[in-house]
Amino acid sequence: MISEQDYRAINKRSAVDKGDVLFAMIGTIGNPTLVTVEPNFAIKNVALLKVSGQHSGAFLKYFLDSRGVVARMTKEAKGTTQRFVGLGYLRDFPISIPPLAKQLDVVTSLNELSSETQRLESIYRQNLAALDALKKSLLDRAFSGLL
């Protein structure tokens with residue numbers, strides 16, 4: 001918790017808006033998050049990426065979360081004890097942005113893949129739980145002499 005005065009001071013220079021992307025730049029680099037709600041919070045030590053009306057925040061989030069980007073930023077991060085990328089680095093980081101219609105197509109496709117991946121992961125977890133239960137049942141029966 002911070003004071004109302006600190007909250008207002010932070011938000012004067014870095015107010016978060018719906019559609020912006022937040023990006024961890026110290027320690028765990030990356031893990032971008034698209035702000036999907038009207039924010040009532042302040043940020044500190046997190047990169048705030050403002051997204052204009054001609055760009056998709058979801059596209060930017062997916063781009064920043066891609067393996068190639070994460071690998072490059074991790075490799076180019078500074079610091080020894082705690083790795084970081086600075087705001088200057090992020091400002092100069094090249095991003096290829098297609099026209100908005102293409103961005104939205106990419107986001108739609110990636111959202112569909114994400115949903116399908118989550119569905120398959122859920123089925124996999126259910127199968128693992130069922131196999132674990134079967135294993136326990138078989139062990140109980142084996143040690144009880146019922147097999």
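Helix H2 gives the most to the lining of the second largest pocket, with 3 residues, helices (H or I, at least four residues) and strands (E, at least two) being DSSP runs numbered from the N terminus. The model is predicted, so that local features need pLDDT of at least 70 and side-chain atom pairs count only at pLDDT 80 or more, while totals for chains, interfaces and linings use all residues. Residues are numbered from 1 along each chain as its sequence is written, and side-chain values use heavy atoms, with hydrogens and water left out.

The second largest pocket holds about 230 Å³ of space and is lined by 16 residues, among which Leu49, Lys50, Leu60, Ile95 and Ile97 lie nearest its centre. On a 1 Å grid over the protein atoms alone, a pocket is an open set of points where a 1.4 Å probe fits, with protein on both sides within 12 Å along at least five of seven lines, and lining residues have an atom within 4 Å of a point. Its lining divides into 11 nonpolar, 4 polar and 1 charged residues.

The largest pocket contains about 290 Å³ of space, and of its 13 lining residues Ser14, Val46, Ala47, Leu48 and Leu87 are the closest to its centre. Two or more residues of this lining come from each of H1, strand S3 (46-49) and helix H4 (87-92), with S3 supplying the largest share, 4 residues.

Within the largest nonpolar core, which has 14 residues, Phe23, Ile29, Leu64, Val69, Met73, Val85 and Leu90 touch the most other members; such a core is a set of buried Ala, Val, Leu, Ile, Met, Phe, Trp, Tyr and Cys residues joined through side-chain atoms within 4.5 Å. Strand S1 (21-24), helix H2 (57-64) and helix H3 (67-76) each supply at least two residues of this core, and H2 gives the most, with 3 residues. Residues up to four places away in sequence not being counted, Val85 touches Phe23, Met25, Ile29, Met73, Ala77 and Leu90.

Neighbours within four places in sequence aside, Asn11 is in contact (heavy atoms within 4.5 Å) with Val16, Phe41 and Ala42.

Conventions: Buried means under 20% relative accessible area, exposed over 50%, partly exposed in between (1.4 Å probe, protein chains only). Grid points are joined across faces, edges and corners, and a volume is the space filled by probe spheres set on the points. Ala, Val, Leu, Ile, Met, Phe, Trp, Tyr, Cys and Pro count as nonpolar, Asp, Glu, Lys and Arg as charged, and the others, Gly among them, as polar.
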